[in-house]
Amino acid sequence: MVSKKNAPHFGHENPHTHSQSVEAAVTGPSKATAETILASKGHDVIAVRPTDSIHRVTEVMKEHGIGSVVVKDQNGHMVGILTERDIVRGFADEPDNTFDETAGDLMTTKVVTASPDTPLLELLHRMTEGRFRHIPVLDGDHIAGMISIGDVVKFRLRELEYETLKLKQMIVG
Ligand code: AMP
């Protein structure tokens, strides 16, 4: 049997029977959604204010080991997204910059989002099409989490490892 320890945490209880799961492993692409990935990686969303300095944003990114932050106004509404790419661009555009700019100056305001039921493959499509590596997940007005391309790849790799293990057990009996 595949031990619980090796099984990826798929969020909700897996409703499949053993034979259904094996069939899915053999035939199908991932059934995971944005929520499945968030259940595995966590729902934390690190946010800054538009008035926060870029230096403060880099501190926040360093502290949390992340490459993007959501920018929220004083009412908690998302007004943009700011990633390390924006900061690199800011430096390149103004080499002598002492960085008196703010998060609001460098953020992207037209944010592409996902919902909890967006399929894993669709997340990858949106990131590839939009040429970015982060997607906030919105559940109504609430930001339910942030997914990076690294989270998607990591999750899918674990799924594939688990599916391979199940197939090997099927063969061995
Ligand atoms: P990234 O590859 O995620 O570091 O982002 C590359 C560029 O796309 C930066 O200008 C980001 O501000 C922007 N960006 C990142 N994520 C999103 C998103 N979900 N929607 C719109 N723009 C984004």
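This is a predicted model: local features need pLDDT of at least 70, side-chain atom pairs count only at pLDDT 80 or more; totals for chains, interfaces and linings use all residues.
Student: What makes strand 2 and strand 3 a pair?

Tutor: Pairing takes at least two bridges. Strand 2 (residues 68–72) and strand 3 (residues 78–83) have five bridges, in the antiparallel sense, so they count as paired. Along the pair, S68 stands opposite T83 in strand 3.

Student: And what lies between strand 2 and strand 3?

Tutor: Five residues, and the two strands form a hairpin. In its turn, G76 has a positive phi of about 85°.

Student: Which distances apply to the side chains of T83 and H134?

Tutor: For T83, an N or O atom of the side chain is 2.8 Å from a ligand oxygen; for H134, the value is 2.6 Å. Both fall within 3.5 Å, so both are polar contacts. As for cover, the ligand on its own has 490 Å² of accessible area, and the protein covers 94% of it.

Student: Which residues and elements surround the ligand?

Tutor: There are 15 residues around it, the closest being D86, T108, V112, R133 and H134. Strand 3, helix 4 (84–93) and strand 4 (134–139) each supply at least two residues of the shell.

Student: How many of the shell residues are nonpolar, polar or charged?

Tutor: Six are nonpolar, three polar and six charged.

Technical notes:
Residues are numbered from 1 along each chain as its sequence is written. Side-chain values use heavy atoms; hydrogens and water are left out. Helices (H or I, at least four residues) and strands (E, at least two) are DSSP runs, numbered from the N terminus. A residue is near a molecule or strand if one of its heavy atoms lies within 4 Å of it. A polar contact is a pair of N or O atoms within 3.5 Å; within protein, one must be able to donate a hydrogen and the other to accept it, and residues adjacent in sequence count only if both atoms are side-chain atoms. Accessible areas come from the Shrake-Rupley method with a 1.4 Å probe; for residues, only the protein chains shown count as cover. Ala, Val, Leu, Ile, Met, Phe, Trp, Tyr, Cys and Pro count as nonpolar, Asp, Glu, Lys and Arg as charged, and the others, Gly among them, as polar.
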